[in-house]
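Work through the exercises below with the sequence and the model at hand. Each task is followed by a solution in steps.

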Amino acid sequence: MNTVKTVRELRAAVARARSEGKRIGFVPTMGNLHSGHAALVTKAAQRVDFVVASIFVNPLQFGPSEDLDKYPRTLAADQEKLLQAGCHLLFAPTVEEMYPDGMNGQTRVSVPQLSEGLCGASRPGHFEGVATVVCKLFNMVQPDLAVFGQKDFQQLAVIRALVRDLNMPIQIIGEPTVRADDGLALSSRNGYLNETQRETAPAIYRLLSEMAKAIQQGQRDYPALIAQGQAHLAQAGFRPDYLEIRQALTLHPATVEDRDLVILVAAALGATRLIDNLHLNLDAE
């Protein structure tokens with residue numbers, strides 16, 4: 001696996017792979033990788049001949065009170081994980097390489113509606129930052145396909161819309177959430193949890209599973225189900241940001257007629273904000 005830090009080197013390496021008739025896959029990350037990220041790279045390697053990953057902690061998607069400065073940078077360990085997962089090329093640019101004229105004058109990409117509410121409500125500008133950097137990376141790599149984790153369900157929906165609306169010839173693959181044995185969704189932020197909080201954290205997934213089971217058994221009073229869930233989270237020691245039952249494609253609030261649903265949650269445990277979701281299709285039972 002080669003590591004490059006400039007757009008020029010990246011494009012040259014991708015051009016060589018294309019000249020050899022290889023299909024290109026892409027996995028963008030912010031580093032501090034875990035086995036969930038490795039699963040994305042492995043999925044890409046199963047589908048294409050040449051896998052590009054990126055590591056870039058994007059300042060544009062962090063709010064002023066968020067953890068940009070303390071976000072872990074673990075490049076050497078990340079390189080080893082990417083190599084083992086089947087990555088061929090790592091793009092690890094600096095902020096100056098990604099935003100050579102600074103961020104104030106940077107052209108922004110906004111995906112309306114899907115970016116609003118849920119995480120978009122509590123993190124203003126976050127999805128504009130995500131959409132902008134992903135659009136830039138897609139233009140730099142020009143992959144045939146890109147793989148994203150379903151744990152960030154709203155982000156995945158935003159990226160699918162971005163690709164569709166801007167007519168990008170890129171297949172977007174959503175990879176199921178990778179979980180610890182106790183059900184906690186793997187996340188770089190889990191490292192911020194202390195021992196007691198880590199024991200509490202799996203309660204989020206247990207709640208999602210219980211809500212999904214209730215819906216599958218015929219519960220359709222979604223406001224009541226949400227209110228009960230929020231109370232359970234608070235009782236367990238979380239500070240709920242949101243708990244919602246939405247239509248999976250549009251992320252509109254679910255109605256009793258909807259069959260393709262996603263339950264989404266964000267809650268703080270101590271100083272750590274955790275997100276998770278559970279997708280259920282009632283027609284697939």
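## Exercise 1: Helices H1 and H6

Helix H1 (residues 7-19) packs against H6 at an angle of about 50°, and their axes are 9 Å apart. The model is a predicted one.

Task: Classify the packing of H1 on H6 and state which residues of H1 meet which residues of H6.

Solution. 
- Step 1. Angles under 35 degrees count as roughly parallel, over 145 as roughly antiparallel, and 65 to 115 as roughly perpendicular; the rest are oblique. The angle of about 50° therefore makes H1 oblique to H6.
- Step 2. On the H1 side, the contact residues are Val-7, Leu-10, Arg-11 and Val-14; on the H6 side, they are Asn-139, Met-140 and Val-141.
- Step 3. Sorted by class, this contact of H1 with H6 holds 5 nonpolar, 1 polar and 1 charged residues.

## Exercise 2: Helices H6 and H7

Task: Describe how H6 and H7 cross, and give the classes of the residues in their contact.

Solution. 
- Step 1. Helix H6 spans residues 126-141 and helix H7 spans residues 153-165; their axes come within 10 Å and cross at roughly 50°.
- Step 2. That angle makes H6 oblique to H7.
- Step 3. The crossing of H6 past H7 is right-handed.
- Step 4. H6 contributes Phe-127, Val-130, Ala-131, Val-134, Cys-135 and Phe-138, which meet Gln-154, Gln-155, Val-158, Ile-159, Leu-162 and Val-163 in H7.
- Step 5. These contact residues divide into 10 nonpolar, 2 polar and no charged.

## Exercise 3: Helices H9 and H10

Task: Are H9 and H10 roughly parallel or roughly antiparallel, and which residues meet between them?

Solution. 
- Step 1. The axes of H9 and helix H10 (residues 222-236) come within 11 Å, with a crossing angle of roughly 160°.
- Step 2. An angle over 145 degrees counts as roughly antiparallel, and H9 is therefore roughly antiparallel to H10.
- Step 3. The crossing of H9 and H10 is right-handed.
- Step 4. From H9, Ile-204, Leu-207, Met-211, Ala-214 and Ile-215 meet Tyr-222, Leu-225, Ile-226, Gly-229, His-232 and Leu-233 of H10.
- Step 5. The class count for the contact of H9 with H10 is 9 nonpolar, 2 polar and no charged residues.

## Exercise 4: A sheet and the helix packed on it

Solution. 
- Step 1. Strands of a sheet pair through backbone hydrogen bonds, either parallel or antiparallel.
- Step 2. E7 and strand E8 (residues 260-269) run antiparallel and are joined by 8 bridges. Pro-240 stands opposite Ala-267 in E8.

## Exercise 5: Loop residues

Task: Locate Gln-113, Asn-167, Arg-123 and Asp-69, and decide for each whether the residue is buried or exposed.

Solution. 
- Step 1. Under 20% relative accessible area counts as buried and over 50% as exposed.
- Step 2. Gln-113 sits in the loop between helix H4 (95-98) and helix H5 (119-122). Its relative accessibility is 62%, so Gln-113 is exposed.
- Step 3. Asn-167 belongs to the loop between H7 and strand E6 (171-175). With a relative accessible area of 64%, Asn-167 is exposed.
- Step 4. Most residues other than glycine have a negative phi. Gln-113, however, has a positive phi near 65°, and the phi of Asn-167 is also positive, at about 55°.
- Step 5. Arg-123 is in the loop between H5 and H6. Its relative accessibility is 13%, so Arg-123 is buried. Not counting residues up to four places away in sequence, Arg-123 touches Gln-61, Glu-66, Arg-189 and Arg-273.
- Step 6. Asp-69 lies in the loop between strand E3 (50-55) and helix H3 (75-85). At 77% relative accessibility, Asp-69 is exposed. The C-alpha atoms of Asp-69 and Val-57 are separated by 9.6 Å, and the two residues are 12 residues apart along the chain.

Notes. Residues numbered from 1 in each chain as written. Predicted model: local features only at pLDDT ≥ 70, side-chain atom pairs only at ≥ 80, totals over all residues. Heavy atoms only, no water. Pairing = 2+ DSSP bridges. Helix = DSSP H or I, 4+ residues; strand = E, 2+ residues; numbered from the N terminus. Axes fitted to C-alpha atoms, helices over the stretch in contact; angles between N-to-C directions. Left-handed = near helix turned anticlockwise from the far one by under 90°. Contact = heavy atoms within 4.5 Å. Nonpolar A, V, L, I, M, F, W, Y, C, P; charged D, E, K, R; others polar. Buried < 20%, exposed > 50% of the residue type's maximum accessible area, 1.4 Å probe, protein only.
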